[in-house]
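Here is a walk through the aromatic rings of one protein model. Keep the structure open as you read.

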Amino acid sequence: MKIVVLDGFLVTRGDLDFAPLEEFGELAVYGYTPPEQVVSRLAGAGAAFLNRTPISREILSACPQLRFIGVTGTGVNMIDLAAAAQKGVAVCNVPGYSTAAVAQMTMALLLDIACSVSLLNGYLHAGRWQIPEDKQIASTRLFELSGKTMGLVGFGAIGRQTAHLAKAFGMRTIYSRRRPLPEDTPAAGYRPLEELLEQSDVVSLHCPLTEKTRGMIDETALSHMKPGAVLLNTARGGLIDSAAVARALESGRLYAAGLDVLDEEPPKKGHPLIGHSRCVITPHVAWAPAETRRRLIEACAENLRAFLAGRPQNLQRP
């Protein structure tokens, strides 16, 4: 079997490799694949692995030998799942591999905002703390997390782990999801989305990107949030309306935003949230600790092994 990894650098990053896949056939690993080269690189391949490379119906039609797509991650919004199902192509993701890492980053973004770590670090490194009575340091806002309410939109593994971490800081936690759990968990109690937005000092997104959730944090949703609330997104950039969030930051409706994902990655020049003084942004790296990526590669190999044995696991359907 010919096996092609289309955008391997996102996973290997120079310190790991896809050696576990070599036992299954001829392996070709590309760090990045431009859209116009996807079909040519997949020519003759029976299995493909990808992280963010879009796979459309047209690409699937042009690659008739393709039978397996392994997602080196959890989200599958970049793949036309309906077309894959019609053409008999199995799509398998890796759930749960980054739970600890993404929850950790969620809290890191929140702590940066609460403690103004990046702002004050830059201030001191610029040599600007010269007198004890520094008015700029004194005017920098700091706040405690203890006693604040965190609302988690989506309550899968990452949402639940984030709730546990938040509770360790003394926060009250509530959640919203498509269907409430049968009973409240020790980690959080259920609220309909609008109530969650109204009650939360911090709103943290942990849901998948679908046609129903795309742009869910828009002008209307933001209008229901507490004035001065904090918005966190470590899920998918398309969940928020970036222009609406930028306006909410300008008006003070939002105090700050902490984001690991954006609606366009990498962002183009002029993106409304890039450079905003109260928006802390990291480049979609919450899932990327070495331990997490090593776990991911091993799980990808197990997904392919299971598929070849006729027992596919982690199948994603439209």
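**Aromatic rings and their partners**

F143 is buried, and Y255 is buried as well. The model is a predicted one. F143 and Y255 form an aromatic pair. Their centres are 6.1 Å apart, with 80 degrees between the planes. An angle over 60 degrees counts as edge-to-face, so this pair is edge-to-face. F143 sits in the loop between α7 (135-139) and β6 (149-153). Y255 belongs to strand β11 (residues 254-259). The pair therefore links distant parts of the chain, 112 residues apart.

The charged end of R141 sits over the Y255 ring, 4.1 Å from its centre. Another such contact involves Y30: the charged end of R41 sits over that ring, 4.0 Å from its centre.

Now widen the view. The structure holds 5 aromatic pairs. One of them joins F68 and F307, with ring centres 5.1 Å apart and planes at 40 degrees. F68 lies in strand β4 (residues 68-71), while F307 lies in helix α12 (residues 290-308). The pair thus ties together parts that are 239 residues apart in sequence.

F307 has a relative accessible area of 21%. Buried requires under 20%, so F307 is partly exposed.

F68 and F307 also belong to a cluster: ring pairs link them with F49.

Technical notes: Residues numbered from 1 in each chain as written. Predicted model: local features only at pLDDT ≥ 70, side-chain atom pairs only at ≥ 80, totals over all residues. Heavy atoms only, no water. Phe/Tyr/Trp six-rings, centres within 6.5 Å; stacked < 30°, edge-to-face > 60°. Helix = DSSP H or I, 4+ residues; strand = E, 2+ residues; numbered from the N terminus. Buried < 20%, exposed > 50% of the residue type's maximum accessible area, 1.4 Å probe, protein only. Lys NZ or Arg CZ within 6 Å of the ring centre and 35° of its normal.
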